[in-house]
Structure formats: structure tokens, C-alpha cells
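Subject: Structure handover, aromatic contacts

Hello,

Here is the structure for your files. My notes on its aromatic rings follow below.

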Amino acid sequence: MNEQRLNQRALDNLPNEVIKPAYNRAAIATGIVHLGIGAFHRAHQAWFTEQRIAAGEHDWGIVGASLRSGGVRDQLAPQDGLYSVVEQSNGETKVQVVGAVRDVLVGPEDPQQLLAAMAQESVRIVSLTITEKGYCHDPASGNLNLQHPDIIHDLQNPQSPKSALGYIVGALALRKARGLPGFTVLSCDNLPSNGKLLGRVLAQYAEQVDRELAQWIADNTTTPATMVDRIVPATTDADRDAVEHRLGVRDEAAVITEPFAQWVVEDNFLHGRPDWDKAGAMFVDDVEIYELIKLRLLNGSHSLLAYSGYLAGCETVADVMAQPAFKKLVQYFMQQEVVPSIAVPPTFDIAAYQAQLIHRFENRALHHRTWQIAMDGSQKIPQRWLGTLRYQLKNSGPIEAISFALANWLRYVSTVDEQGNSIEVSDPLAQKLKMIWDTHKPAGNAALVTAFLGFAPVFGDDLQHSERLQKSITQWLEKLDAAGTLACAQQIHPEAVTLT
Ligand code: NAI
Ligand code: CS2
């Protein structure tokens, strides 16, 4: 391994084809604090912001923060905050070193320091990619979960919060006390109506702290909705080695992604924003339809491919797509079950969108693990599958692929795969889901499905009453037990039109 790291000094010696910050990084002010500086933020919002800083918008430097571990700080600090975004599609690679991140703070190490950073006068936007579970909400209802351990902790310890909500409300309280304006809070997570959801949980949390503060926050913040899209798998050591080979220096914080990037943002910012549209984002009045299309088609398909593919022994999404049965299944799912559930605007070419998704999923240059996407299913499935499902049940439409998906998820959270190997299920509700399996599986698949659909945090209280759904999932479980997921996938309608 090369001892020399990517850093400010190393920039001059990078290969010519690498794009790098050509502006004076020392002259950049902090306009954004970003909570959850994971792989996605670095390849998406920070990358968009980089284009605007390079164009002269020097007020929008980013201070990143982690609310969990110091891992990303440890990667970025020795690199002066620099990292590379590596776009890979079959056969082509483009590398850009991003300079937008000025510093990385680690909440658990020094909560006061992070609160102070968020309360700086120059900060006008606090953005978030904290994963779905970071909102501490009940996924079925979208309301704040007041029993969440982090929320209980933060209400008792407002000076040393753990949750993003605790930090945001704490920083806003400081700003109010100092006579500073509030800030725009920008969710960039894959949640339905993410702006509204964030606004709701923020208000519900602030109400618990102090009524007057809650009113001030309502008057002095906005929470615009966003649709964010770029596939960014977790970086592996093999990726870092390949990047080192290309750069000639080691970049521990590199992110690997696809060339595609989309960002649709509700234009509702309180105190200004970068002109991200000049870097390819779209500012619109209503994000919801873009969000619905993306969550149900892209993410819904991703989760279907992740659970069934994982159970069939496929490591990555591209491996799943290489199985003709799964490729047809996902095409069928999109065309027959998902698309009818969305009121697609006439100007939106939904067939081209689906074809593009198939192409993106087939990108073999990305090693997007099925296990990664399978994480946190309890937090993802309501917005990815259940809107489609409710629509089809109401309209007596097809539910075969979506019940197949649910049967695979149920199988997955049992923690044992088809070969009898254990599955490391990463989900905040993993134990509860496993308990449902262990308690009801001995009584048979029908009893198991009844108990499963009665799990309100995911399914609400309506789906358990659908006999049609119960029967369909039960039948799939019987078939999965007998034949395995790949053979079952082959039974789902081969007549889906080939889209590529
Ligand atoms: P990552 O694992 O690299 O980073 C996740 C970040 O969230 C870390 O900073 C972690 O500390 C933080 N986090 C985890 N649990 C938290 C909690 N309970 N409270 C506060 N912070 C918490 O993941 P990545 O790839 O950055 O994705 C993060 C989110 O971004 C996703 O969950 C999704 O909502 C969104 N996203 C990701 C895309 C991708 O392809 N990776 C694309 C589109 C959206
Ligand atoms: C994926 C998404 O991890 C997951 O659950 O479905 O993060 C996906 O990569 C992005 O939404 C693409 O924009």
C-alpha cells in the first residue's frame, strides 16, 4: 500500500485526466453543515456543490458530521478533506477530486462542537443523509416515535444529543438565543415526501422540548422536499486499491458511483442556496411525483432484486440481473404492477425511464451488494412496495411480483437462507421480525403470514385484512420452501416486454 495520501500537496502531481479543485480552498466559507457524511453525500450533494464552488460560489463550503463513528473523519482528516468521486460504467472511468468538504466533526466525540458549528452565522443549510432510520419515525405512519431510545435520550440530555433531530433543535435553540436566523433543513434521504416528513418529526420533537421554541422553529426553518438519485455502493478495499493505482496516491475516502446523477429539489430555501441547477439539479415547485416514480420503480425494484437475489446466492445487483429469470421478473414488476399505480405526467417517458433503470442495474462496474440494499427493510419497504400494493389491491390488479417480494423479505428476516446458512440481518426491527417468524412458522405459513401482516410499524393496520394478499404470500412461501427463489422467479410472467 502506498504511504502517500491524497491531500492538498498531492493535487499538483495527480494525472492530467483527473479533475481537481482549481479554486482557492482557503477562501471558502461554510454555508452548509451536512449530517451523515457517508458515501452518498460525497458522491451527490457535495459533488453538485463542488461544481458551484468551482464556478465562484464561495459561500457554500461544507462541514460534514457523523452522528455515529469517526470512520469518515479518520479517512478525510489526513487528506485535508479531499476525496475522489470515481464514475464507472462498463468500460469507462472518470475521476474528480472534490474539495468542498472543509472539515468533518464527529457528534459522539464532541457534541458541543457540532452544535456550535451548526449555530455559526454563515450556515444557511443543514442537510441530511442519515438513512431512513435516522428520522426516528414510525415508518407506517410517518410520526415521530417518542419511544425511540435516541429520542428519549435527547429529550433528557439536550446538550449532548445523539439523534439528528436532537442536534437540529439544539442548534436552532442556540441560534434563537443569539438572535440569529434559522436555517433550511434539507433531507436527502430516500423517504416518501421527505421534506414534509422531516418537517413533521422536527415539529413533534420541538413540541416536546418547548412550545415557544417549536413556534420559532416553525417560523424560521423550511424543509424542502428532494428526490435524490445516484447509485453509490459502499466502497471496498479493492476499489481503494484500484483508485490508488489510478491516482498514484492513496485515497481512503474515495467513492465509486455511476455517471448518472439526478437531484430534484423543491425551491423553498429561507436564506439562499447554491445554484445547484447550474450543475444539473432541477428546482421545481412540486417534487412528489418525481419522488414517487423513483421510490417505487428504482428503489422498489432494488429491494425486490436484493432479497430474491441474496437468497439465490447473488452477491451484487449486476449478478442478479445476469439471471434472465430475475431480469424478466423486475421488468414485469415495473410494467405490470408499479407503473399503473403512478399517475405519470404525460410528458414523462416512463418506458425510457424503466429501460434506463435496467441498464443502470446491469452496470457491472459497480459492486452494489444485495446485502447492502437488503439492510433496514422495515424502514424502506413501506415507501418502496406498499403504495403499489395498496393500489393494486384496491383496483383488483396484479400482485404476484410484489407478494413474491414480500415472501422473500419474510424469508430473509428469518435469518436463515435457502442453503441453511445464517444471514446477518441489519435492521432496527430485526429482532421483532425474527420473533414473528420463530413464533408463528411452526403453525404453518398461513399463520406466519397473518402475524407478519399484522406487524403495524411496517404494514399499518389495513393490509392484514386482505385475504387475497394473505393467500398470495402464503402460496409463494410454500413454493419458496419447495423450489427456491430462482425457480419461483421463473414462474412469474415471462410475457413482460423486453425493455433493453
Ligand atoms: P453510508 O452507510 O455510507 O452512510 C450513512 C450515514 O448515515 C453515516 O454517516 C452514518 O453515520 C449515518 N447514520 C446511520 N444511522 C444513523 C442514525 N440512526 N442517525 C444518524 N445518522 C445515522 O450510506 P450512504 O450510501 O451514504 O446512504 C445514506 C442514505 O442516503 C441512504 O440511506 C439513502 O437514504 C440515501 N441515498 C443513498 C444512495 C446510495 O446509492 N448510496 C442513493 C440515494 C439516496
Ligand atoms: C438502494 C438505494 O441502498 C438502497 O436501498 O436502493 O440507496 C439506491 O442505490 C439509491 O436510491 C439510488 O439513487
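Phe-283 has a relative accessibility of 17% and therefore counts as buried, the cut-off being under 20%. Please keep in mind that this is a predicted model.

Phe-269 is buried too, with a relative accessible area of 14%. The count of aromatic pairs comes to 13. One of them joins Phe-269 and Phe-283 edge-to-face, with the ring centres 6.2 Å apart and 90 degrees between the planes. This pair links distant parts of the chain, 14 residues apart: Phe-283 belongs to strand E11 (282-284), while Phe-269 sits in the loop between that strand and strand E10 (262-266).

Both residues also belong to a cluster linked by ring pairs, together with Trp-47, Phe-48, Trp-263 and Trp-276. Phe-283 has a further contact: Arg-273 lies over the face of its ring, 3.6 Å from the ring centre.

Another pair is formed by Tyr-307 and Trp-385, again edge-to-face, at 6.0 Å centre to centre and with 75 degrees between the planes. Tyr-307 is in helix H10 (residues 288-311) and Trp-385 in helix H15 (residues 377-394), so this pair ties together parts that are 78 residues apart in sequence. Tyr-307 and Trp-385 are both buried.

Which charged residue lies over the face of Trp-476? That is Lys-479, at 4.7 Å from the ring centre.

Regards

Methods. Residues numbered from 1 in each chain as written. Chains lettered and ligands numbered in written order. Predicted model: local features only at pLDDT ≥ 70, side-chain atom pairs only at ≥ 80, totals over all residues. Heavy atoms only, no water. Phe/Tyr/Trp six-rings, centres within 6.5 Å; stacked < 30°, edge-to-face > 60°. Helix = DSSP H or I, 4+ residues; strand = E, 2+ residues; numbered from the N terminus. Buried < 20%, exposed > 50% of the residue type's maximum accessible area, 1.4 Å probe, protein only. Lys NZ or Arg CZ within 6 Å of the ring centre and 35° of its normal.
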